Structure formats: structure tokens, C-alpha cells
Amino acid sequence: MNICALIPYYNHPEAIGHVVRQLSAYNLHIIIVDDGSDEKSKLGLKPLLGSPNVTLVTREVNGGKGAAVITGMREALKRGYTHALQVDADGQHDLEKIPELLRLSERHPDKIISGMPVYDESVPTSRKLWRYATHILVWIHTLSFEIRDSMCGFRIYPLEKTLKVIDSRKEFGQRMDFDIEILVRSLWDNLHIVQLPVGVKYPIDGVSHFQLFNDNFLITKLHIRLFFGMIFNFPKLLFRKVFA
């Protein structure tokens with residue numbers, strides 16, 4: 001198992017240094033995918049690039065979180081890594097959980113290891129309620145409670161298997177819909193998920209790129225597609241449920 005860290009980055013100049021310094025304690029090579037950030041945010045990356053443990057991949061045009069993660073996965077695989085630890089650039093995750101995530105991934109190298117948020121008081125109640133609604137829909141799409149939280153961006157992916165799921169589709173979620181879609185379609189394709197409770201707080205720089213209307217619209221369209229996908233996959237999912 002050869003693992004690197006992967007950070008999709010878009011306009012978090014105040015937080016990225018803190019995240020990279022925390023990650024450096026774990027001796028992981030870090031791939032930052034700059035997803036078309038503005039000039040000020042690009043300058044925020046410069047002090048980090050002197051380290052041989054940091055690689056920058058640049059997307060000239062912003063394509064969304066999902067697009068940045070997929071770009072980073074392909075770069076990691078090209079560099080010989082078998083797994084990638086995805087970490088959000090805004091510093092919202094409790095990175096002290098990394099050793100536990102790594103141990104789970106070593107124990108289950110063929111599974112996706114995903115954080116399962118435990119929120120503090122900094123997260124708005126409305127956001128938690130919307131997330132819970134998504135959890136219920138994901139349980140319907142998968143006929144399973146295996147995915148307890150589908151929106152946490154703190155995960156370890158087995159790269160070849162995950163990219164196989166992505167490449168089996170003509171189109172895949174490119175923005176905030178990616179985190180949900182990859183877990184549901186992976187489970188449909190028998191790529192299982194193990195989850196670990198992790199602390200989550202509101203972004204340390206106070207910046208969230210979740211766009212209330214646009215991203216909720218995308219996620220709603222995704223749930224409609226996944227519902228019809230569940231109907232198509234129903235015999236397979238039911239067979240697994242009965243004979244597992």
C-alpha cells in the first residue's frame with residue numbers, strides 16, 4: 001500500500017498552510033490540485049511549494065470539487081500511489097484521526113475508508129438537517145445502511161478500483177455532488193465503504209464554497225438519477241441483501 005494525501009484547493013489561502021503543516025506530520029506526499037483559484041489564492045500556495053513533499057497540479061479553469069479530486073486521483077495513480085487520502089482545504093476535519101484512517105485502510109485495502117462527521121456547535125443546524133435528508137435518500141438508493149454519511153470529504157480511496165467506478169460512466173459528478181455519487185456507485189459496484197467518526201467544525205477561514213441553490217439543485221438531480229439507478233440495480237442489491 002502506497003498512499004499520498006490529496007487536497008482539492010479553491011480559494012482557501014488562509015487555511016491551506018495550516019492543513020499542509022498538519023499533514024506533514026504524517027510523512028505523506030501531498031498533491032494539491034488548484035482548481036482555478038484566483039491570483040491571491042495562488043500566491044497563498046507559493047510558500048508551500050518549496051517542500052519536496054508537496055506537488056501542485058493546476059487546473060486553469062474551475063471545474064468543481066469533484067473534478068479536482070478526479071484530477072488528483074489520476075495524478076496520484078500516475079505517480080505510483082495505490083491509495084489517496086482526500087482532505088478538504090478549509091481545515092474543517094480533525095486530522096488527528098489520520099492514523100486511525102490509515103490503520104483501517106491497511107486492514108481493508110480494497111475498501112473506501114470514509115470519515116463520518118461528528119459536529120461541534122459551529123455547524124448550522126439547517127446544514128445538519130439537509131445532510132440527514134441526503135443520508136435517508138442514500139439508504140434508499142443502496143437498500144443498505146452501510147453508508148452512514150455520504151458527504152464527508154475526508155476519505156481514503158483505493159485508486160484503481162475507484163477510478164474504474166468513475167470511468168464506467170460517461171458523466172460523473174464534478175462539483176459537490178461528487179462525494180455522494182462516488183460512494184453510492186462504488187457500493188453498487190461492490191466496492192464497499194468503512195466509516196470512522198471524525199470531528200468536524202466549520203471552516204477555519206470561514207469560507208465555504210457550497211452554493212446553496214446551485215449545489216442543492218445538482219444534488220437533487222443526482223438523487224433523481226440515483227433513484228432510477230437503484231431501480232435498475234434492484235435485483236442485484238436485493239440478492240446481496242438476502243444472501244449476504
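The legends below describe close-up views of a predicted model. Residues are numbered from 1 along each chain as its sequence is written, and side-chain values use heavy atoms, without hydrogens or water. Because the model is predicted, local features need pLDDT of at least 70 and side-chain atom pairs count only at pLDDT 80 or more, while totals for chains, interfaces and linings use all residues.

**View 1**
Helix α7 spans residues 178-188; helices (H or I, at least four residues) and strands (E, at least two) are DSSP runs, numbered from the N terminus. In α7, 11 of the 11 residues are buried, so this helix is largely enclosed by the rest of the structure. Here buried means under 20% relative accessible area, exposed means over 50%, and partly exposed lies in between (1.4 Å probe, protein chains only). Among the buried residues of α7 are Phe178, Ile182, Leu183 and Trp188. Just after α7, Asn190 takes a positive phi of about 70 degrees.

The side chains of Arg185 and Glu181 form a salt bridge with an N to O distance of 2.7 Å; a salt bridge is a side-chain nitrogen of Lys or Arg within 4 Å of a carboxyl oxygen of Asp or Glu. Arg185 and Glu181 are four residues apart in helix α7, and about one helical turn therefore separates them. Both partners are buried: Arg185 has a relative accessible area of 7%, and Glu181 has 1%.

Lys65 belongs to helix α3 (residues 65-78) and Asp179 to helix α7, so the pair ties together parts that are 114 residues apart in sequence. Lys65 is buried at 17% relative accessibility, and Asp179 is buried at 3%. Another salt bridge links the side chains of Glu100 and Lys97 (3.3 Å, N to O). Glu100 is partly exposed, with a relative accessible area of 30%.

**View 1. Gln92 and its polar contact.**
Gln92 is found in the loop between β4 (83-86) and α4 (98-107). With a relative accessible area of 18%, Gln92 counts as buried. Its side chain is joined to that of Asp90 by a polar contact of 2.9 Å. A polar contact is a pair of N or O atoms within 3.5 Å; within protein, one must be able to donate a hydrogen and the other to accept it, and residues adjacent in sequence count only if both atoms are side-chain atoms.

**View 2. A nonpolar patch on the surface.**
Tyr132, Ile136, Leu137, Ile140, Ile224, Phe227, Phe228 and Ile231 form a nonpolar patch with about 730 Å² of accessible area together. The elements that give two or more residues to the patch are α5 (125-142) and α8 (212-243). Tyr132 lies in helix α5 and is partly exposed, at 47% relative accessibility. Patches are made of residues with over 30% relative accessible area and no salt bridge; like charges are joined within 9 Å, and nonpolar side chains (Val, Leu, Ile, Met, Phe, Trp, Tyr) within 5 Å. Accessible areas come from the Shrake-Rupley method with a 1.4 Å probe, and for residues only the protein chains shown count as cover.
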